[in-house]
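Let's take a friendly walk through this structure. Have the sequence and the 3D view at hand as you read.

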Amino acid sequence: MAEAWLVEEGIGEERAIRFEQGRIVAARLRWPGRLVQGAVAEAIVVERFPLSPNAIVRFATGEEAIGRRLPKADSEGSTVRMLVEREAIAERGRLKRAQAVKTEQPLNPAPSLAESLREEGHEVRVVRRFPDDADWEELFSEAWTGEVAFHGGSLLFSDTPAMTLVDVDGYPVEAICSNAVPALASALHRFDIGGNIGIDFPTLSDKGDRRAVDAKLDEQLAGWPHERTAMNGFGFVQIVARLARASVLRLISLDRSGAAARLLLRRAEAVTDPGAILLSCHPAVAARLTPEWLAELARRTGREVRVAPDPGLAPEAGFAQAVPL
């Protein structure tokens, strides 16, 4: 059955959530400006790999990708139509190129997040704002801090170039099975995490305890395509899932000022009192508020927009308020 998603087309970002029983159970975050998963666009073959059907291809935007399944006839300089299978993934100090495959599909170089979800077969509804009880700010806060609390402990997420690491802080084994594992499964969906995932549970010396945790992982992760190792004697479990795009966790952790600026703009769109909109924020966040974003905020709200940098505010603590004209 198709899953229903709500999409906000924000300023500088698109946000999507699946909302069930008063809670966000899955989310996606997209920042425009680069190739996105599902895009179909023409590119130039700039470098063929010897003895391989793969090549480096360059799109009209200048972005490069690893192109797959290219016949020998597609020599360097040829124009090819490519389907983006995985977006470029930013890491500390480098950028992994996008991955694309040759296709005959119609051109669609920049599908929106809503269009991408519909292409996957989901029911989608674009809304001006998520329901009040769909707490996007709570999700943002968890991704910002990398910490998800559960009864009896917490999960600490660290995004590294090799994998997403999760430290499970909790004890005894009953708390891990009953609380930590469901919280972990929920966070993987809420943060939209894929790729290599390493989970460091507390060391459980008893094999029966380890099997109990493995069984709980099987139960909680059922229906999610992945491969997983059994827990080893040191409490470590590795999960490998399909990686198609940057997770919510990665986007926020690698560009905290940019993430905070986008959140501030979302807060500003919710201001209802009359008057100009004043954005108070840390100077690093103010520097990320582009003229285009501020002009779009003014257009959407029909208000004058002012920015007041305040070094005393934490980057994530920016706020918007109405002030007299």
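## Before we start

A residue is called buried when its relative accessible area is under 20%, exposed when it is over 50%, and partly exposed in between (1.4 Å probe, protein chains only). Helices (H or I, at least four residues) and strands (E, at least two) are DSSP runs, numbered from the N terminus.

This is a predicted model, in which local features need pLDDT of at least 70, side-chain atom pairs count only at pLDDT 80 or more, and totals for chains, interfaces and linings use all residues. Residues are numbered from 1 along each chain as its sequence is written, and side-chain values use heavy atoms, with hydrogens and water left out.

Helix H8 spans residues 291-301, and its buried residues are Trp-293, Leu-294 and Leu-297. These three lie on the same side of H8, because they cover an arc of only 95 degrees around the axis (the arc is that of the directions from the helix axis to the C-beta atoms). On the face turned away from that buried side you will find the exposed residues Pro-291, Glu-292 and Arg-299.

What do the buried residues of H8 pack against? Their partners are helix H6 (256-269), strand E18 (276-281) and strand E19 (305-309), where contact means heavy atoms within 4.5 Å. Just after H8 comes Gly-302, with a positive phi of about 70 degrees.

## Two helices side by side

Now look at helix H3 (residues 173-190) and helix H4 (residues 207-220): their axes come within 9 Å and cross at roughly 30 degrees. Axes are lines fitted to C-alpha atoms, for helices over the stretch in contact, and angles run from 0 to 180 degrees between N-to-C directions.

Strand E13 (residues 153-159) contains Asp-159, which is buried with a relative accessible area of 9%. The side chains of Asp-159 and Arg-250 are joined by a polar contact of 2.8 Å. A polar contact is a pair of N or O atoms within 3.5 Å; within protein, one must be able to donate a hydrogen and the other to accept it, and residues adjacent in sequence count only if both atoms are side-chain atoms.

Arg-18 sits in strand E2 (residues 14-20) and counts as buried because its relative accessibility is 14%. Its side chain has a polar contact of 2.9 Å with that of Glu-20.
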